[in-house]
Amino acid sequence: MTPEENNIRGLEAALIARLGSAAKVTLNDTYPLAKLQPANGNWYYSAKCEQCRSISPAIFDPSSGKDNNPFNGNGALCFACVRCGEDIVARASAIFSYHWIDQE
Ligand SMILES: [Zn+2]
């Protein structure tokens with residue numbers, strides 16, 4: 001497993017562990033994430049790409065949008081924009097849940 005895949009696995013486990021509570025997932029560092037292949041109709045914690053202005057998904061949201069942003073701390077998620085490939089560095093405060101719908 002790559003460090004980027006390991007970060008996904010660790011964050012997904014933390015997001016599942018806090019479901020149903022007000023607990024936050026604290027980002028203390030910048031976490032590079034493995035490239036995601038979003039599935040139509042799923043919810044993802046996402047951020048806006050400064051390069052192409054689209055919203056790009058970072059990691060699966062197991063709350064299906066119920067918890068809009070469970071992240072806090074001074075760290076960030078770093079991931080490639082699914083539209084343009086540019087690296088996005090999303091601080092904890094800039095992350096939000098987004099319902100992914102494939103566009104033609
Ligand atoms: Zn982009």
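A residue counts as buried if 20 or more other C-beta atoms lie within 10 Å of its own, as exposed if 12 or fewer do, and as partly exposed in between, with C-beta atoms placed from the backbone. By that count, 29% of the 104 residues of the chain are buried.

Two notes on the source. This is a predicted model, where local features need pLDDT of at least 70, side-chain atom pairs count only at pLDDT 80 or more, and totals for chains, interfaces and linings use all residues. Residues are numbered from 1 along each chain as its sequence is written.

Now the layout. The chain has one helix and eight strands. These are DSSP runs, numbered from the N terminus: helices are H or I with at least four residues, strands E with at least two. In sequence order the pattern reads α-β-β-β-β-β-β-β-β. The C-alpha atoms fill a box of roughly 35 × 25 × 25 Å along the principal axes.

On to the helix, H1. It runs over residues 3-17. Which residues of H1 are buried? Asn7, Ile8 and Leu11. They cover an arc of only 100° around the axis, so they sit on the same side of H1. That arc is taken from the directions from the helix axis to the C-beta atoms. In general, an α-helix has 3.6 residues a turn, so residues three or four places apart point the same way.

What do the buried residues of H1 pack against? Strands E1 (25-26), E2 (30-32) and E4 (55-60). Contact here means C-beta atoms, placed from the backbone, within 7 Å. The face turned away from the buried side carries exposed residues, including Glu5, Arg9 and Ala13.

Key
The expected span of a helix is 1.5 Å times one less than its number of residues. Two residues are in contact if their C-beta atoms, placed from the backbone, lie within 7 Å.
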